[in-house]
Amino acid sequence: MQDHAPVIDGVSFAAPDPGHNLPPRAFTSPAVFEHEQRAIFANSWVHVADTWELAAPGGYVTALIGRTPVVIIRERITGELRGLLNACRHRGAQLLDGKGTCDKQIQCPYHAWSYGLDGRLLGAPHRDELAHCNLAEMNLVPVRVGTVGPLVFACLDPEAPELADWVGELAGSLAGSRIGEWTLAWENSYELAANWKLFVENANDGYHVPFVHDLLTDAIVLDPATSPTTLEPHGAYTWAQVNPNYVPPGTDPASARVRFGCIFPNFIPVLSPDDLTYFRVEPIAHDRMRIVARSYDDGLAENAPLREFRRIAAERTMEQDLAVVLRTQRGLHAIGLPPGVHTSRLEARIGHFERMWADAMASGCDTPVTIRRLLRRGT
Ligand code: FES
Ligand SMILES: [Fe+2]
């Protein structure tokens with residue numbers, strides 16, 4: 001372990017020793033969770049929407065980056081995607097809910113300040129009583145937005161790397177897939193009384209698969225010798241062969257591979273030759289998360305039975321995963337439990353995730369307030 005790494009609530013942000021895990025307190029501490037908001041979520045590219053939701057002029061989707069409410073809007077005139085903090089510059093009220101279409105303005109439901117879709121403050125009632133404010137500097141705070149195939153990401157940090165660098169090889173894999181022809185097959189969301197990192201780690205855990213999953217164990221061949229794992233600066237992924245019995249008609253079994261892993265911090269794409277399923281893990285509190293799951297495929301009527309099988313298999317696999325994640329959360333509350341360990345290959349992506357986490361948490365102590373940079377920029 002490095003010396004002098006920052007510590008919060010007894011959790012050191014030194015990268016764990018090789019093969020060793022973060023201390024249990026990293027998964028139970030409210031103070032660590034608070035620091036994650038600034039050190040991780042405010043400095044990372046986070047998945048917020050899919051492009052079809054924002055196809056119409058003025059279309060918007062609200063989302064959370066950690067606990068920070070943002071809104072992504074398709075500008076009416078330029079057609080560009082724009083990201084804004086979903087918080088009014090008067091006294092902070094959340095402006096928009098859910099998703100929908102904005103007319104020409106966004107009006108705050110509290111005191112009716114109005115903004116253009118580019119975030120510019122257009123009007124404030126009783127303006128004479130605000131003579132002490134420079135209203136020209138009270139536009140909505142901008143947020144970076146980018147797309148990778150149909151996936152929309154946003155980032156609060158103006159100094160974070162470009163999205164293309166952040167997502168690494170995922171962009172190439174999506175571009176090489178038939179994702180452009182696919183439509184939404186199903187979606188689901190789950191809430192769980194567990195820390196968000198435990199679901200991400202479970203998704204990076206190839207060790208549990210034969211002991212927890214039946215259908216999944218059948219469907220893919222997860223042999224470390226033939227399932228290479230790649231670690232990237234902001235993610236990790238593994239390719240595994242699809243069991244020949246599960247290869248859909250018309251697909252060459254040799255090229256039937258599944259790519260799974262995570263984009264740091266909380267996005268889990270699973271790409272196979274015939275579908276993309278993803279899981280976005282939203283941190284609600286130190287002991288609560290929401291998981292948004294969506295799946296895309298070719299939408300063809302003749303593939304309806306296969307689609308239904310996939311949906312049932314995904315639900316069953318999710319139930320099995322949620323059960324072990326919840327069990328792990330309960331165990332990690334044990335006072336006196338030392339940090340765990342991970343296997344060198346089957347759980348290599350967990351070790352990588354925890355190193356990325358520790359690095360981000362430590363550097364988040366050096367640059368305490370990303371938001372200050374944002375406010376300097378948001379005029
Ligand atoms: S909080 Fe938005 S107008 Fe007052
Ligand atoms: Fe699993």
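View 1. Pro-265 is placed in the loop between strand S17 (257-263) and strand S18 (267-272), where strands are DSSP runs of E with at least two residues and helices are DSSP runs of H or I with at least four residues, both numbered from the N terminus. The peptide bond that leads from Phe-264 to Pro-265 is cis, with omega near 5°. The model shown here and in the other views is predicted, so that local features need pLDDT of at least 70 and side-chain atom pairs count only at pLDDT 80 or more, while totals for chains, interfaces and linings use all residues. Residues are numbered from 1 along each chain as its sequence is written, and chains are lettered from A and ligands numbered from 1 in the order in which they are written.

View 2. His-234 lies in the loop between strand S15 (229-232) and strand S16 (235-242). With 18 other C-beta atoms within 10 Å, His-234 is partly exposed; the C-beta atoms are placed from the backbone, and a residue is buried with 20 or more others within 10 Å of its own, exposed with 12 or fewer, and partly exposed in between. When its neighbours within four places in sequence are left aside, His-234 is in contact with Trp-166, Gly-168, Ile-263, Phe-264 and Met-356, a contact being a pair of residues whose C-beta atoms, placed from the backbone, lie within 7 Å. Phe-264, one of these contacts, is also the residue from which the cis peptide bond to Pro-265 runs. Between His-234 and Trp-357 there are 123 residues of separation in sequence, and their C-alpha atoms are 9.9 Å apart in space.

**View 3. The open sheet of seven strands, with strand S3 at one edge.** The strands of this open sheet follow the order S3-S12-S11-S6-S5-S4-S7, and their pairing is antiparallel, where two strands pair if DSSP finds at least two bridges between them. Because strand S3 (45-50) and strand S7 (99-101) stand at the edges with a single partner strand each, one side of each is left without a neighbour in the sheet. From one strand to the next the twist averages 30°, the axes being lines fitted to C-alpha atoms, for helices over the stretch in contact, and the angles running from 0 to 180 degrees between N-to-C directions. S3 runs antiparallel to strand S12 (residues 151-155), to which five bridges join it, and Trp-45 stands opposite Cys-155 in S12. Elsewhere in the sheet, five bridges link strand S5 (residues 68-74) to strand S6 (residues 81-85) in the antiparallel sense, with Leu-84 in S6 as the bridge partner of Val-71.

**View 4. The packing of helix H4 against helix H7.** Two packed helices are described by the angle between their axes and the distance between the axes. Helix H4 (residues 196-203) packs with helix H7 (residues 304-332) at an angle of about 130°, and their axes are 10 Å apart. This angle makes H4 oblique to H7, since angles under 35 degrees count as roughly parallel, over 145 as roughly antiparallel, 65 to 115 as roughly perpendicular and the rest as oblique. In the contact, Leu-198, Phe-199 and Asn-202 of H4 meet Asp-321, Val-324, Val-325, Thr-328 and Gln-329 of H7.

View 5. Ala-112 lies in the loop between strand S8 (105-107) and strand S9 (114-116), and its phi is near 70°, a positive value in a residue other than glycine. Ala-112 counts as exposed, with 12 C-beta neighbours inside 10 Å. His-126, found in the loop between strand S10 (121-123) and strand S11 (142-148), has a positive phi of about 55° although it is not a glycine. His-126 is exposed, with 8 other C-beta atoms within 10 Å.

**View 6. Strand S20 and its antiparallel partners S13 and S19.** Strand S13 (residues 183-192) and strand S20 (residues 288-297) run antiparallel and are joined by nine bridges, with Tyr-190 opposite Ile-291 in S20. Strand S19 (residues 275-285) is also antiparallel to S20, joined by 10 bridges, and Thr-277 stands opposite Ser-295 in S20. S19 and S20 form a hairpin in which two residues lie between the strands.

Technical notes: Two residues are in contact if their C-beta atoms, placed from the backbone, lie within 7 Å.
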